[in-house]
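Good morning, colleagues. Please take a moment with the sequence and the structure before I go through them.

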Amino acid sequence: MSESATAVAARPPAAALLEKKMHPTHAMISGGVVLIALIVGVWFIASHISQDFSGVTLGSAWPYILLIIALLIALGFEFVNGFHDTANAVATVIYTHSLEPNIAVVWSGMCNLAGVLTSSGTVAFTVITLLPVELILQVSSGAGFAMVFALLIAAILWNLSTWWFGLPASSSHTMVGSIIGVGVANQLMSVHTGTSGVDWEQATKVFKVLLISPIVGFGAAALLFLVAKATIKYPGLYEAPKGSTPPPWPIRALLVLTCTGVSFFHGSNDGQKGMGLIMLILIGTVPTAYALNHAVTPADVQQFITASDNAGKILDAHVDKTGLLGADARTTVTDYIRTKQLQPDTILALRELVEDLSHEVALYKEFKAVPANQQTNVRNDMYVASEAIRLMQKNHNPAFTPAENSVLTAYKGKVDKATKFIPTWVKVAVALALGMGTMVGWKRIVVTVGEKIGKEHLTYAQGATAELVAMATIFAADNFGLPVSTTHVLSSGVAGTMAANRSGLQMSTIRNIAAAWVFTLPAAALLSGTLFWLFRHVA
């Protein structure tokens, strides 16, 4: 038996190692912090929901029941995401003794909360664009709720399965697989009606990011580790912890800083994945309060009207003179979004939508003044107008000039401000769910990342470089509005540093992680597609 294999075999059980690092006093302190955060968060959420519902009258208790169930499932996904993905961020500080486990987990949870609260929402709506456009527009129907329930429950079940076996599988990967399953099932169930399925162009873009991120994590972490080893002559940085003694303060500060960065950016990226779905739930059950952004000021509305007039003139210049406007402009534009094929009447219908929206908004002067029974229609018209402009600009068809593109982009920004918004209480709820999940179920994934990837104990430099790469990758993806896997980047980063240091890799763990990565998408897709079919028949 080799020396490294002997070292692995001689290690105490992983659970025993973690228990030795935990102190009852720290557990009490961290528990108190969690309780206070939970009380304040629940009070904040309840007070803001009460304000939102103050002017809303629902005919029966059923929408409230449906809303509560849907929100619990959506927040359940974020909870599972917390103890499944966020645990990666604390593995290095725990296994280098930089922070005691209870303190590390609470600190990571608080950083996740900060990341969620400061997130832009771009990733949330990127995820939404993967869904079939008809289901997004009909989210208040039985099919819309079947879609949301199916993909969330499927994602939760798969995440729980991989967590149970301590495998760092990706919640992002799982969510994309669930969306694909719903889209394919939706298309197969309506094969003769022209119903859309998955937006494969968007799905491919997201999947490429998820595919490349572990390769980037492995290669960049290995390279950064080698560069550090060649330039930073500080021997203690490349040593494994001795006993339970914390590292020297500069090393400790570096590791805590990288843990903070990964936790924060994980919250800002992964926390958004459930936000878009929660907004679909809110729009479907309480459109009067959430279909349009009531926080938009009268001045913003006036700017929207001006931008609409400018956009209408641009579109009018590109109208196909052979096109005849059909019975419904939104249906025509929706068909374009679904097929990506520009028809003679597409620009004409889009111009009609833009003009009608401008007139309607000018009539009521404020989005919150739009009648309750019209808010969903106005939102849907805005959504398809925004998506159609996005696709036209992306495909360069029609060939808008740079000046025209600038005008249309300004109009799209005003539309998105009215429809693509996330209330602060939703961010707080997601942040609490992520944080609570981190604090409850972190051990299994931490053990895998900290002990089961390499054949030797994680050194300080390996932990720091893996987390620096993860932090930078997530930050970049967040700025581009793309979902990325914290799990894949960090676990592959740890593996990269082990390979660069010639520490050896535990191939059984690598094979299990790779298998989870390969099977996540098809398994989640099959599960969500089956659930969608079942829920559609029940509904």
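I shall begin with the chain as a whole, then turn to its helices, and end with some individual residues.

Please keep in mind throughout that this is a predicted model. The secondary structure of the chain comes to 22 helices, with zero strands. The chain has 539 residues, and buried residues make up 55% of them.

Let us start with helix α13, which covers residues 298–317. This helix has 20 residues and reaches 29 Å from its first C-alpha to its last, close to the 28 Å expected at 1.5 Å a residue. Which residues of α13 are buried? They are Asp-300, Val-301, Phe-304, Ile-305, Ala-307, Ser-308, Ala-311, Gly-312, Ile-314 and Leu-315. These buried residues pack against three helices, namely α15 (346–364), α16 (372–395) and α17 (402–419).

After α15 comes Lys-365, whose phi is positive, near 70°.

I turn now to pairs of helices. Two packed helices are described by the angle between their axes and the distance between the axes. The axes of α14 and α15 come within 8 Å and cross at roughly 125°. An angle of 65 to 115 degrees would count as roughly perpendicular and one over 145 as roughly antiparallel; α14 and α15 are therefore oblique to each other. Their crossing is left-handed. On the α14 side, the residues that meet α15 are Ala-329, Arg-330, Thr-332, Val-333 and Tyr-336. Their partners in α15 are Thr-346, Ala-349, Leu-350, Glu-352 and Leu-353.

The second pair consists of helix α5 (residues 101–117) and helix α11 (residues 249–285), whose axes come within 7 Å and cross at roughly 50°. These two helices, α5 and α11, are therefore also oblique to each other. Here α5 passes α11 in a right-handed crossing. Among the residues of α5 that take part are Trp-107, Ser-108, Cys-111 and Asn-112. Those they meet in α11 include Val-256, Thr-260, Ser-263, Phe-264 and His-266.

Is Glu-467 buried or exposed? Glu-467 has a relative accessible area of 0%, so this residue is buried. Its place is in helix α20, residues 460–479. Leaving aside neighbours within four places in sequence, Glu-467 is in contact with Asn-88, Ala-89, Thr-92, Thr-258, Cys-259, Val-262 and Leu-490.

The other residue is Ile-215, in helix α10 (residues 200–231). With a relative accessible area of 58%, Ile-215 is exposed. In sequence, Ile-215 and Gly-496 are 281 residues apart, while their C-alpha atoms are 9.3 Å apart in space.

I come to the backbone in the loops. Most residues other than glycine have a negative phi, and most peptide bonds are trans. Where does the model depart from this pattern? In the loop between α16 and α17 we find His-396, which has a positive phi of about 55° although it is not a glycine. At 62% relative accessibility, His-396 counts as exposed. That loop between α16 and α17 also holds Pro-398. The peptide bond from Asn-397 to Pro-398 is cis, with omega near 5°.

Another positive phi, near 65°, belongs to Lys-340. This lysine, Lys-340, is placed in the loop between α14 (329–339) and α15. Lys-340 counts as partly exposed, at 25% relative accessibility.

Finally, a word on the aromatic rings. How many aromatic pairs does the structure hold? There are eight aromatic pairs. Ring pairs link Phe-53, Tyr-290 and Trp-425 into a cluster.

That concludes my presentation, and I thank you for your attention.

Technical notes:
Residues numbered from 1 in each chain as written. Predicted model: local features only at pLDDT ≥ 70, side-chain atom pairs only at ≥ 80, totals over all residues. Heavy atoms only, no water. Phe/Tyr/Trp six-rings, centres within 6.5 Å; stacked < 30°, edge-to-face > 60°. Helix = DSSP H or I, 4+ residues; strand = E, 2+ residues; numbered from the N terminus. Buried < 20%, exposed > 50% of the residue type's maximum accessible area, 1.4 Å probe, protein only. Expected span 1.5 Å × (residues − 1). Contact = heavy atoms within 4.5 Å. Axes fitted to C-alpha atoms, helices over the stretch in contact; angles between N-to-C directions. Parallel < 35°, antiparallel > 145°, perpendicular 65-115°, else oblique. Left-handed = near helix turned anticlockwise from the far one by under 90°.
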